[in-house]
Amino acid sequence: MRLIIDTDTAGDDAFSILLALKMPGVTLEAVTICNGNVDFEQQIENALYTLEIAGHAGQVPVHPGCPLPLLRKPVDATEFFGMDGMSDANFPKSAQRPDARHAVDAIIDLVMANPGEIDIVAQAPLTNIATAYAKEPRIAKAVRNLWIMGGTDNAIGNTTPASEFNFYVDPEAAKMVINAGFNVTLSTWTLTMKSGILPAAALRRIETMDTPLARFFMRVSQAPFNRTRIRYGSPLSTHPDSLTCACAMDETLILESADCLVDVETGSELTRAYSSVCVPLGAEEAQADKLWPAAKPNCRVIRRADTDRFAERMIAALGA
Ligand code: BDR
Ligand code: CA
């Protein structure tokens, strides 16, 4: 499997890159950086450091993409991940430097040169993917699968009550990409809270694993642990991005999903980036119901994933 990861590298974004690097049969073709969690230049450094600590320095190009959302002012998540996105570990700069080619061009070139072969895990605001689509709309059909971490499944968000961070940062990009005709699988914040929290036993195991990557994991997780303790009452190891990547690399981790019609709110401030998710009506019901959406589904929405096998994958990657 050939993969691009589009990322605002901080915390779990880095673990998702590790999973891809360590998964047999997966080639990580490129890492593309989008605005989001922390300072844009720092996100580039975080991706480069992650490649280095995983022993893959110089093997995967890192392409800087769009440093700003399409229309909105930038929003970050430094209060969750620390100022550097890595729990203020202040890791040293890696020898590998970012590639000169813009992420949007790198995505278009890779996809169009290999139609039907490239999967993209989009684990950041969707600015890069929307811009790539605007520049070359044929990518929507040429990407094999687009795996999006974003939105909620009509449930409470992590950024506002109505919305999840990646969609909240760039709602216009999210709306555009969701409706562009990609083969989309959506991994929502609702799924993260249901299936993407590492069980305590797995976390204890990682804590006692004396490997550079396990130590990296624990160091980078400190700020999110503190933040989740304040918000949820106990420290949680939440993995929206790495669960999405794990499902992309091994679909047997998906235990329940539904083909849904998804759209994103861009008009309201109160419900900015709310993702409306519904199973469209059948033809007969649609006749009777004038308001409920009846159009064809545009996304497969993951509703439950295998947390234990996801945790095993994470442990295996950190032990390698
Ligand atoms: C998503 O938002 C970001 O803060 C995380 O990296 C993840 O991609 C979760 O809502
Ligand atoms: Ca992310």
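How far does a polar side-chain atom of glutamate 164 lie from an oxygen atom of ligand 1? The distance is 2.5 Å. Keep in mind that this is a predicted model, so every number here is computed from it.

**Around the ligand**

Let's stay with ligand 1 for a moment. There are 13 residues around it, and the ones that come nearest are Asp13, Asn37, Asn158, Glu164 and Asp241.

| Residue | Distance to an oxygen atom of ligand 1 |
|---|---|
| Glutamate 164 | 2.5 Å |
| Asparagine 158 | 2.7 Å |
| Asparagine 166 | 3.0 Å |

How much of ligand 1 does the protein bury? Taken alone, ligand 1 exposes 280 Å², and the protein buries 95% of that.

**How the helices pack**

Now for some helices. Two packed helices are described by the angle between their axes and the distance between those axes.

Start with helix H1 (residues 12-22) and helix H15 (residues 307-319). Their axes come within 9 Å and cross at roughly 80°, which means that H1 and H15 are roughly perpendicular to each other. On the H1 side, the contact involves Asp12, Phe15, Leu18, Leu19 and Lys22, and these meet Phe310, Arg313, Met314, Ala317 and Leu318 in H15. Sort the residues of this contact by class and you get seven nonpolar, no polar and three charged.

Next come helix H2 (residues 40-53) and helix H11 (residues 212-220). This pair packs at an angle of about 150°, with the axes 10 Å apart. That angle makes H2 roughly antiparallel to H11. Who touches whom? Tyr49, Thr50 and Ile53 in H2 meet Pro212, Leu213 and Phe216 in H11. By class, the contact of H2 with H11 has five nonpolar residues, one polar residue and no charged ones.

H11 also packs against helix H10 (residues 200-208). The axes of H10 and H11 come within 8 Å and cross at roughly 120°, so these two are oblique to each other. Leu203, Ile206 and Glu207 of H10 make the contact with Ala214, Phe217 and Met218 of H11. The class count for H10 with H11 is five nonpolar, no polar and one charged.

**A glutamine in a loop**

One last stop: where is glutamine 59 found? Look in the loop between H2 and strand E3 (62-64). The side chain of glutamine 59 is joined to that of histidine 56 by a polar contact of 2.9 Å. Leucine 28 is 31 residues away from glutamine 59 along the chain, and the C-alpha atoms of the two are separated by 9.1 Å.

Definitions and conventions. Residues numbered from 1 in each chain as written. Chains lettered and ligands numbered in written order. Predicted model: local features only at pLDDT ≥ 70, side-chain atom pairs only at ≥ 80, totals over all residues. Heavy atoms only, no water. Axes fitted to C-alpha atoms, helices over the stretch in contact; angles between N-to-C directions. Helix = DSSP H or I, 4+ residues; strand = E, 2+ residues; numbered from the N terminus. Parallel < 35°, antiparallel > 145°, perpendicular 65-115°, else oblique. Contact = heavy atoms within 4.5 Å. Nonpolar A, V, L, I, M, F, W, Y, C, P; charged D, E, K, R; others polar. Near = heavy atom within 4 Å. Polar contact = N/O pair within 3.5 Å; in protein donor to acceptor, adjacent residues only side chain to side chain. Areas by Shrake-Rupley, 256 points an atom, 1.4 Å probe, with all protein chains shown as cover.
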